[in-house]
Amino acid sequence: PPQAATLPAVASWDRLDVERVLALAPWACFTLEGMQSPQSLDSLRRLDVEVDTYSIRSLEDLWVCMESVGRRTGHERQAREVVTGFKDRVAKAGEGLSAPPRRVLVVVGLDPLVAAGPGSFISAVLRAGGYENALMGAGDAYPVLSMEAAAAADPQAVIFPEGEISSEACARFVTDLRRLTGRPLQAIAIPADLLVRPG
């Protein structure tokens, strides 16, 4: 949201600035499992900062996270309302789905090639929308793949997080994958905020 532009940036998916966090004197910090290094989080805990870590590998995990953050921040009622709204939207998205689900590969990175596996939140979103993750059975939440492994997954479509991977790079990848699979492949770009950010 626009208000975030005025706030100090103290962490990202790959780093956590412990000193800048401490300068804000937080009463609690919230993060997702695997987002920051355990050493950085342990540093905050040793300095008496509470750190709540959430594992979000399913839609149910997301509901639990939202309700927990609502309780911790004094917004329990609002959190319940948000969760109820999301559950209703998910139920409506799945209404009337009778055709066999399309097999899709969700690519979240190209250098190296990383896709959303069966243990990922994205896989849960696919199921809710009537799609099948082409990597079902592959194990990891976000495995690194070879082009051959991506082709062996036999997807009917490839989904990309729009705004995080250039459209040119996506087009090159789909062209190379079509050549390997010998079949047509649809490329679908979904805004990253809607695809890879829980909530």
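**Note on a predicted model: helices and cores**

1. Ala171 is partly exposed, with a relative accessible area of 42%; partly exposed lies between buried, which is under 20% relative accessible area, and exposed, which is over 50% (1.4 Å probe, protein chains only). Ala171 belongs to helix H7, residues 167–181. Helices (H or I, at least four residues) and strands (E, at least two) are DSSP runs, numbered from the N terminus.

2. Residues are numbered from 1 along each chain as its sequence is written, and side-chain values use heavy atoms, with hydrogens and water left out.

3. The protein has 8 helices and 7 strands. Its C-alpha trace spans about 55 × 35 × 30 Å along the principal axes. Of the 199 residues, 36% are buried.

4. Contact means heavy atoms within 4.5 Å. Among contacts in the protein with a separation of 6 or more, 59% join residues 24 or more positions apart.

5. The largest nonpolar core has 19 residues. A nonpolar core is a set of buried Ala, Val, Leu, Ile, Met, Phe, Trp, Tyr and Cys residues joined through side-chain atoms within 4.5 Å. Strands E3 (102–110), E4 (113–115) and E6 (157–162) each give two or more residues to this core, as do helices H6 (147–152) and H7. H7 gives the largest share, 5 residues. In soluble globular proteins, nonpolar side chains tend to be buried together.

6. Phe173 is one of the residues with the most contacts inside the largest core, as are Leu105, Val107, Val158, Phe160 and Leu177. Leaving aside neighbours within four places in sequence, Phe173 is in contact with Leu105, Val107, Leu110, Leu113, Met147, Ala150, Val158 and Phe160. A second, separate core of 12 residues includes Tyr54, Leu62, Met66 and Ala128.

7. Which side chain does the side chain of Ser68 meet in a polar contact? The partner is Tyr54, at 2.6 Å. A polar contact is a pair of N or O atoms within 3.5 Å; within protein, one must be able to donate a hydrogen and the other to accept it, and residues adjacent in sequence count only if both atoms are side-chain atoms. Ser68 sits in helix H3, residues 59–72, and is buried, with a relative accessible area of 14%.

8. Helix H4 (residues 76–93) has 18 residues and reaches 26 Å from its first C-alpha to its last, close to the 26 Å expected at 1.5 Å a residue; the expected span is 1.5 Å times one less than the number of residues. The buried residues of H4 are Ala79, Val83 and Phe86. They cover an arc of only 65° around the axis, so they are on the same side of H4; the arc is that of the directions from the helix axis to the C-beta atoms. An α-helix has 3.6 residues a turn, so residues three or four places apart point the same way.

9. The buried residues of H4 pack against H3, whereas exposed Arg89 and Lys92 are on the face turned away from the buried side. Glu81, also in H4, is partly exposed at 47% relative accessible area.

Notes:
Predicted model: local features only at pLDDT ≥ 70, side-chain atom pairs only at ≥ 80, totals over all residues.
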